[in-house]
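User: I am new to this structure and would like a close look at a single part of it. Please keep the account plain.

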Amino acid sequence: MTRLGDIAYARSGDKGNSANIGVIARDPAHYQTLVEKLTEERVIDYFKELNPSQVKRYLLPNLHALNFVLEDILDGGGSYSLRYDAQGKALGQALLEIEI
Amino acid sequence: MIPKPLKVGNAQAFWGDRPGAAFHLVSQQPDLNFVTLDYLAEVSMSIMAIQREKDFQLGYAQDFIQEALSLVPLWQAGSQVKVVTNAGGLNPVGCAERLVKEFQKLNVYKTIGVVYGDDVLGIMKNRSSEITANAYLGAEGIVEVLKKGADIVITGRIADPSLTLAPCRYHFGWNEDQYDLLAAGTIAGHLIECGTQVTGGIATDWLTIEDVVEIGYPVVEMNADGTFIVTKAKGTGGCVNEQTVKEQLLYEIGNPERYLSPDVTVSFLDLSVKDLEENRVLVKGAKGSAPPETLKVSATFMGGFKCEGFLAVVGKDAEKKARRAGEIVLERLEHLGLKPERSLIECLGTGDIVKGALPHISTYEVLLRIAIADSRIEVMERFSKEIAPLVTSGPQGVTGYTSGRPKPIKLFRYQAQEIPKQWVRHQTRIFRSQE
């Protein structure tokens with residue numbers, strides 16, 4: 001087991017009430033491991049206390065990357081949310097701590 | 001004959017980015033053809049609506065006037081750079097008129113193209129609390145005014161990547177149905193619209209970036225065939241490499257096979273990203289298809305007020321003390337009949353920012369944050385007076401009172417809507433400062 005950040009890098013962003021996290025393999029050889037181990041189920045479980053309604057995963061094999069869209073995770077998003085991280089800017093770096 | 005590559009840079013990622021970036025970028029990259037400045041995030045329009053309510057001549061990003069004027073000495077020294085910006089917000093014509101006045105004072109001759117027609121509030125009004133509704137227009141109007149000789153283009157709401165695509169369409173003569181080329185311009189725009197986010201800013205490996213103090217703003221060198229290089233001016237800080245480009249490619253996207261813009265539907269699935277030499281990355285493989293039949297609309301609604309208060313708590317059981325202090329504030333409000341409609345207590349430093357994901361941290365030093373939202377201003381006013389009394393009735397080890405009573409801010413609700421394309425018509429006007 002290793003932390004995700006050792007084999008990948010990431011960036012999160014927001015769109016209304018949802019957020020996305022792009023995860024890119026540091027080495028193309030690790031892309032398959034990410035596809036097998038970093039599933040929608042693992043990611044929705046990791047963030048369950050933030051109440052996303054669903055998590056969709058898209059693959060970009062050409063870039064050795066995965067894109068996770070976490071719907072309704074931002075408690076109203078941008079201006080409406082009361083959270084300190086209303087725009088989900090911390091989600092990407094938080095995901096990199098998951099054990100893989 | 002194939003036209004030369006086009007150099008487009010971005011010097012503003014959002015309203016609040018570093019002032020003076022445009023001047024530095026154009027000084028550092030004297031052969032830059034276009035500089036884009038992006039002022040409109042999701043709720044920027046709401047702020048402009050409030051400004052315009054107070055003064056009908058406002059409703060645009062006034063900071064832009066300063067950025068434009070800062071380029072005057074560079075133009076006078078021979079720079080040919082053109083400017084494309086959405087700083088016009090809710091009043092692009094007002095913004096242009098103001099800029100013309102400033103240019104006239106300085107005897108600067110410039111042609112300013114204005115693109116508007118994005119304001120669809122009249123058509124969309126389905127709730128009385130809607131205060132703005134703006135369709136995301138594409139590159140078409142910008143191309144039109146560039147063809148009419150505009151040196152500076154000021155728009156209202158535009159799809160951010162279109163600020164970069166339009167100069168490419170204008171320079172290379174790309175048609176509105178050359179989808180792979182439009183996809184290339186759109187991806188180039190997507191990469192540079194957030195400024196330093198592609199030149200090392202917010203990189204996962206940010207600690208390895210050598211000079212962030214004078215980080216360079218990004219430049220794309222677009223080729224006629226739709227391949228392009230992402231780079232930055234020589235001698236600037238920051239870094240452009242495969243990692244920074246891939247991170248920004250994945251920023252704020254949904255389905256990578258169908259990235260929607262008013263100009264084109266883009267697929268990222270054939271892209272390749274390759275380090276060429278230091279700080280020069282080649283991007284190829286952009287693929288596009290017809291754009292959607294609808295335009296995305298950003299609508300904002302009044303949503304009352306919100307306010308946040310902070311206090312640091314130090315010592316044994318810091319987190320427990322902090323939470324209890326936060327609950328006391330809320331309970332005192334409830335006893336007065338002023339219970340906020342929504343409230344949240346966070347203990348920063350313990351893992352509350354991304355709750356449940358990172359392991360809980362036990363600490364001697366916590367920042368208590370209490371946030372509330374309510375439609376009643378009385379709730380905000382009383383809340384702001386309930387923080388200081390903790391000096392004498394709260395736990396010991398609390399500090400941070402010197403920032404005074406927290407001020408409430410207006411809360412806006414944002415909603416993405418859609419409108420059929422045929423209901424929206426872009427409009428353009430040309431202003432010349434020498435007239």
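At what angle do the axes of helix H3 and helix H5 of chain B cross?

Analyst: This is a predicted model. In chain B, helix H3 covers residues 63-70 and helix H5 covers residues 92-105; their axes come within 10 Å and cross at roughly 40 degrees. That angle is why H3(B) counts as oblique to H5(B). The crossing of H3(B) with H5(B) is right-handed. On the H3(B) side the contact is made by B:Phe64, B:Ile65, B:Ala68 and B:Leu69, and on the H5(B) side by B:Cys95, B:Arg98, B:Leu99, B:Glu102 and B:Phe103. Sorted by class, the residues of this contact between H3(B) and H5(B) are seven nonpolar, no polar and two charged.

Another helix pair in chain B can be set beside this one. Helix H8 (residues 162-172) and helix H9 (residues 179-192) of chain B have axes that come within 7 Å and cross at roughly 140 degrees. H8(B) and H9(B) are therefore oblique to each other, and H8(B) passes H9(B) in a right-handed crossing. Here B:Thr164, B:Leu165 and B:Arg169 of H8(B) meet residues of H9(B) that include B:Leu182, B:Gly185 and B:Ile192. The contact of H8(B) with H9(B) has four nonpolar, four polar and one charged residues.

Chain B also meets chain A: 49 residues of chain B are in contact with 42 residues of chain A. Between them the two chains bury about 3,800 Å², with 58% of it on carbon and sulfur atoms. Three salt bridges are counted between chain B and chain A. A:Lys15 and B:Glu252 form a salt bridge in which the closest N and O atoms are 3.7 Å apart.

Conventions: Residues numbered from 1 in each chain as written. Chains lettered and ligands numbered in written order. Predicted model: local features only at pLDDT ≥ 70, side-chain atom pairs only at ≥ 80, totals over all residues. Heavy atoms only, no water. Axes fitted to C-alpha atoms, helices over the stretch in contact; angles between N-to-C directions. Helix = DSSP H or I, 4+ residues; strand = E, 2+ residues; numbered from the N terminus. Parallel < 35°, antiparallel > 145°, perpendicular 65-115°, else oblique. Left-handed = near helix turned anticlockwise from the far one by under 90°. Contact = heavy atoms within 4.5 Å. Nonpolar A, V, L, I, M, F, W, Y, C, P; charged D, E, K, R; others polar. Buried area = accessible area lost by both parts, 1.4 Å probe. Salt bridge = Lys/Arg side-chain N within 4 Å of Asp/Glu carboxyl O.
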